[in-house]
Amino acid sequence: MSLAEIKNLSVKMGIQEILHGVSLDVPKGSIVAVLGANGVGKTTLMRAISGVYRVTSGEILIEGQPITNMASHKIVERGVCQAPEGRQIFSNMSVRENLVLGGGSHGLAELDKVLALFPLLKERMGQGAGSLSGGEQQMLCIARALMAKPKLLLLDEPSLGLAPKLVALIFQLVARIREEGVSILIVEQNARAALKVADHAHVIDDGRIVLSGPSAELQTDPRIVEAYLGGHVA
Ligand SMILES: Nc1ncnc2c1ncn2[C@@H]1O[C@H](COP(=O)(O)OP(=O)(O)OP(=O)(O)O)[C@@H](O)[C@H]1O
Ligand SMILES: [Mg+2]
């Protein structure tokens, strides 16, 4: 059963159309990856789902109910939370304050559960978020999104700029979050890491999905290996 259905989604910025009829499903309990090079529309897709950008045409359904072009706080209430590209944590606030803000109407109800996933943050609750390392800031960004108890977590390039060891840790966390019952749509340029953890993946190019399939199949697809895995099978 689908948790999220994206149907024929188009997004325009001014007169330029960025997404041209993107369709994809996130089955309940699954991790779905969207892969693609710089500037192909990955973040635009995430922002359209989370209500930051307006959708020109098409539909977004969560558990069969439309959320298309609803206000972003309403979309959060429907169970869709985003860990945005570039993290966008509030660096002049403490870790705790960032988490409180993420909780929204849930307040701190999820705090213990979230901190169980991110024990590192527990030790840094009073610390300014801006003083965290890059990896810790990414954890805070994901933890903040989880505070609102999402059904669907949107992750926009969580591994960007992180050392390989931290990339591995972030992807372990992604797998753990799914075990908690959260479905995940993840955008990544690190195709190798994303395909390892995802059930299903889509490749987007110039605002269109050009290739889709189970991750296990895409990992060995010559087109993926050539263009996204540096010519080496994962
Ligand atoms: N707010 C905006 N106003 C105008 N153009 C935009 C806006 N947001 C995105 N675009 C354009 O849409 C295209 C896709 O951008 P987007 O950020 O979605 O790509 P991306 O795949 O996330 O890239 P990256 O890998 O660099 O994060 C780009 O040409 C970008 O300039
Ligand atoms: Mg992007």
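How many residues lie between E9 and E10 in their hairpin, and which residue in the turn has a positive phi? Let me start there, and thanks for coming, everyone. There are two residues between the strands, and the one with the positive phi, about 50°, is Asp 206. Please keep in mind throughout that this is a predicted model.

Let's stay with those strands for a moment. E9 covers residues 200-205, and E10 covers residues 208-214. The two run antiparallel and are joined by six bridges. If you want a pair to click on, take His 200, whose bridge partner in E10 is Pro 214.

E9 also pairs with strand E3, residues 31-35. Here the sense is parallel, and there are four bridges. Val 34 has His 202 as its bridge partner in E9.

Now for the ligands, beginning with the metal. Ligand 2 is a magnesium ion, and its coordinating atoms come from Thr 43, through OG1, and Glu 85, through OE. The distances are 1.9 to 2.1 Å. Thr 43 sits in helix H1, residues 42-49, while Glu 85 is in the loop between strand E6 and helix H3, so this pair ties together parts that are 42 residues apart in sequence.

Are those two residues buried or exposed? Thr 43 counts as buried, because its relative accessibility is 13% and the cut-off is under 20%. Glu 85 is partly exposed, at 29%.

Both of them turn up again around ligand 1. Its surroundings comprise 14 residues, and the closest are Gly 39, Lys 42, Thr 43, Thr 44 and Glu 85. Helix H1 makes the biggest contribution to this shell, with three residues. Sorted by class, the shell has six polar, five nonpolar and three charged residues.

A backbone N or O atom of Gly 39 is 2.8 Å from an oxygen atom of ligand 1. For Thr 44, an N or O atom in the side chain lies 2.5 Å from an oxygen atom of the ligand. With Tyr 53, a polar side-chain atom is 3.0 Å from a nitrogen atom of ligand 1. And how much of ligand 1 does the protein bury? Taken alone, the ligand exposes 630 Å², and 63% of that is buried by the protein.

That's my tour, and I'm happy to chat about any of it.

Key:
Residues are numbered from 1 along each chain as its sequence is written. Chains are lettered from A and ligands numbered from 1 in the order in which they are written. This is a predicted model: local features need pLDDT of at least 70, side-chain atom pairs count only at pLDDT 80 or more; totals for chains, interfaces and linings use all residues. Side-chain values use heavy atoms; hydrogens and water are left out. Donors are N, O and S atoms within 2.8 Å of the metal (3.2 Å for Na, K and Ca); water is not among the atoms, so sites may look incomplete. Buried means under 20% relative accessible area, exposed over 50%, partly exposed in between (1.4 Å probe, protein chains only). Two strands pair if DSSP finds at least two bridges between them. A residue is near a molecule or strand if one of its heavy atoms lies within 4 Å of it. A polar contact is a pair of N or O atoms within 3.5 Å; within protein, one must be able to donate a hydrogen and the other to accept it, and residues adjacent in sequence count only if both atoms are side-chain atoms. Accessible areas come from the Shrake-Rupley method with a 1.4 Å probe; for residues, only the protein chains shown count as cover. Ala, Val, Leu, Ile, Met, Phe, Trp, Tyr, Cys and Pro count as nonpolar, Asp, Glu, Lys and Arg as charged, and the others, Gly among them, as polar.
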